Amino acid sequence: MFLYIKGRIKQINELSIVVESNNIGYEVFVVDNNYEYDNEVTLFIYDYLKEDAYLLVGFNELNELKFFKKLLMVAGIGPKTALSLMNKCNYKELIKLIKTKDKEGLKLIAGVGNKADAIIYTLQNKLNEFDINLFSYKNVYSALKNLGYSSVEIELSLAKIEEGLSDEEALKL
């Protein structure tokens with residue numbers, strides 16, 4: 001089993017990259033494919049071995065990998081589904097949705113559908129190791145919710161805002 005791979009990016013595909021380390025090219029499926037050719041990268045690895053497949057899934061942060069493993073605890077979610085969900089919504093936002101038991105927000109993410117209940121039920125008490133500040137901009141969240149934005153839209157927008165701004169400055173962004 002691998003914990004991480006450090007090497008240079010030699011190929012960029014739609015869902016994966018090839019990382020060359022010690023003259024070996026590893027195809028690694030990634031959550032965020034915003035990489036540049038020939039840059040050095042360190043990816044935390046989940047290796048999945050099945051009788052008909054061997055996949056390496058890479059993450060920029062160790063917490064991303066830990067959350068990915070938590071998603072695999074949910075019945076009906078395997079590595080490909082978990083990777084797909086994390087490609088559609090930042091792992092921190094998924095944690096927020098689960099911790100706040102926002103079933104409707106989870107359902108808005110393509111691919112979740114009726115698995116929202118299972119995700120919340122399975123993981124709601126298993127995410128305490130993730131220190132996610134749920135309400136950095138509580139007033140901004142409320143204002144946007146009152147304007148009709150969904151929880152997912154708000155959370156995705158708030159995730160892009162740097163900490164320390166006033167509520168008024170955050171709303172302008």
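This is a predicted model: local features need pLDDT of at least 70, side-chain atom pairs count only at pLDDT 80 or more; totals for chains, interfaces and linings use all residues.
1. Start with Ile119: apart from residues up to four places away in sequence, Ile119 touches Val74, Ile77, Leu85, Ile98, Leu106, Val112 and Gln124. A contact here means heavy atoms within 4.5 Å. Numbering runs from 1 along each chain as its sequence is written, and side-chain values use heavy atoms, with hydrogens and water left out.

2. Ile119 is also one of the residues with the most contacts inside the largest nonpolar core, along with Phe59, Phe67, Phe68, Met86, Leu106 and Ile109. That core has 30 residues. β4, β5, α1 (62-71), α2 (79-88), α3 (91-99) and α5 (116-123) each put in at least two residues, and α3 gives the largest share, five. For the record, a nonpolar core is a set of buried Ala, Val, Leu, Ile, Met, Phe, Trp, Tyr and Cys residues joined through side-chain atoms within 4.5 Å. Buried means under 20% relative accessible area, exposed means over 50%, and partly exposed is in between, with a 1.4 Å probe and protein chains only.

3. There is a second, separate core too, with twelve residues, including Tyr26, Val41, Ile45 and Leu56. As a general point, nonpolar side chains tend to be buried together in soluble globular proteins.

4. How buried is α3? Seven of its nine residues are buried, so α3 is largely enclosed by the rest of the structure. The seven are Tyr91, Glu93, Leu94, Ile95, Lys96, Leu97 and Ile98, so if you go through them by eye, note that Glu93 and Lys96 are among those under the 20% cut-off.

5. Both ends of α3 deserve a look. At its start, a side-chain oxygen of Asn90 comes to within 2.6 Å of the backbone nitrogen of Lys92. The cut-off for such a polar contact is a pair of N or O atoms within 3.5 Å; within protein, one must be able to donate a hydrogen and the other to accept it, and residues adjacent in sequence count only if both atoms are side-chain atoms. After α3 comes Lys101, with a positive phi near 55°.

6. Now the overall layout: the chain has eight helices and five strands, in the order β-β-β-β-β-α-α-α-α-α-α-α-α along the sequence. These are DSSP runs numbered from the N terminus, with helices being H or I of at least four residues and strands E of at least two.

7. The five strands form a closed barrel that runs β1-β2-β3-β5-β4, with mixed pairing. The twist averages 55° from one strand to the next. Strands pair if DSSP finds at least two bridges between them. Angles run from 0 to 180 degrees between N-to-C directions, and axes are lines fitted to C-alpha atoms, for helices over the stretch in contact.

8. Tyr4 has Phe44 in β4 as its bridge partner, and Arg8 stands opposite Glu40. Leu49 is the bridge partner of Tyr54 in β5. Lying across β4 and β5 is α1, at about 15° to β4.

9. Most residues other than glycine have a negative phi. Asn23, between β2 (16-21) and β3 (24-30), has a positive phi of about 65°. With 72% relative accessibility, Asn23 counts as exposed, and its C-alpha is 9.4 Å from that of Gly7, 16 residues away in sequence. Asp38 sits in the loop between β3 and β4 and has a positive phi of about 70°; at 32% relative accessibility, Asp38 counts as partly exposed.

10. Chain totals: buried residues make up 40% of the 173 residues. Of the contacts between residues at least 6 apart in sequence, 53% join residues at least 24 apart. The accessible surface is about 10,300 Å², with 47% belonging to carbon and sulfur atoms; areas come from the Shrake-Rupley method with a 1.4 Å probe, and for residues only the protein chains shown count as cover.
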